[in-house]
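Subject: Structure for you to look at

Hello,

Here is the structure I said I would pass on. Please keep it open while you read the notes below.

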Amino acid sequence: DVQLVESGGGSVQVGGSLRLSCAVSDNTVRFNNMAWFRQAPGKEREGVAHIYFLAGATHYVDSVKGRFTISQDTTENTLYLQMNSLSPEDTAIYYCAAEKAWGEWSLPNLWKYWGRGTQVTVS
């Protein structure tokens, strides 16, 4: 089955930057919908950013607009999340997701494939 593998997490100072990557294990598969979610201790899983490749469209949760950028490299079959101006509120485990059922992108139960997550700590 398809596997999504996140990388690039770590510890960053307030105001710093980080770039997360999500590699799709099967290079014969191309997803039209991919997204980043995050979950902090004691909080619900939150949709961070979504990209719809065929439409050339992206969406972001309000709290990261202007700071985060979602993109994908089709030749490498990899999804990215560039995170700038990081704050402690961004501390969470970040998950990559792919293949969405019809509906609102930020609902976790609409997504079929998930990575195991990468920790981001801002302090």
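Which residues does R67 touch, not counting residues up to four places away in sequence? They are Q82, M83, N84, S85, L86, S87 and D90, where contact means heavy atoms within 4.5 Å.

Before the rest, two points on how to read this. The model is predicted, so local features need pLDDT of at least 70 and side-chain atom pairs count only at pLDDT 80 or more, while totals for chains, interfaces and linings use all residues. Residues are numbered from 1 along each chain as its sequence is written, and side-chain values use heavy atoms, with hydrogens and water left out.

R67 sits in the loop between β6 (57–60) and β7 (68–73). Strands here are DSSP runs (E, at least two residues), and helices are runs of H or I of at least four residues, numbered from the N terminus. With a relative accessible area of 18%, R67 is buried. Buried means under 20% relative accessible area, exposed means over 50%, and partly exposed is in between (1.4 Å probe, protein chains only).

The structure holds five salt bridges, a salt bridge being a side-chain nitrogen of Lys or Arg within 4 Å of a carboxyl oxygen of Asp or Glu. A network of them links R38, E46, R67 and D90. Within it, R38 meets E46 at 2.9 Å, N to O. R38 also bridges to D90, with the closest N and O atoms 3.0 Å apart. R38 lies in strand β4 (residues 33–39) and D90 in the loop between β8 (78–83) and β9, so this pair ties together parts 52 residues apart in sequence. Both R38 and D90 are buried, R38 at 7% relative accessibility. E46 is partly exposed, at 27%.

Another salt bridge joins the side chains of E99 and K112 (4.0 Å, N to O). E99 is in strand β9 and K112 in strand β10 (residues 111–114), 13 residues apart. E99 counts as partly exposed at 35% relative accessibility, and K112 as exposed at 52%.

The disulfide

There is one disulfide, defined as a pair of cysteine sulfur atoms within 2.5 Å. C22 and C96 form it, with their sulfur atoms 2.1 Å apart. C22 belongs to strand β3 (residues 18–24) and C96 to strand β9, so the pair ties together parts that are 74 residues apart in sequence. The link is left-handed, with -75 degrees about the S-S bond. C22 and C96 are both buried.

Strand β11

In a regular strand the side chains alternate between the two faces of the sheet.

Which strands pair with β11? Strand β2 (residues 10–12) runs parallel to β11 and is joined to it by three bridges, and G10 has V120 as its bridge partner. Strand β9 (residues 92–100) pairs with β11 in the antiparallel sense, also over three bridges, and Y94 stands opposite T118. Two strands pair if DSSP finds at least two bridges between them.

Regards
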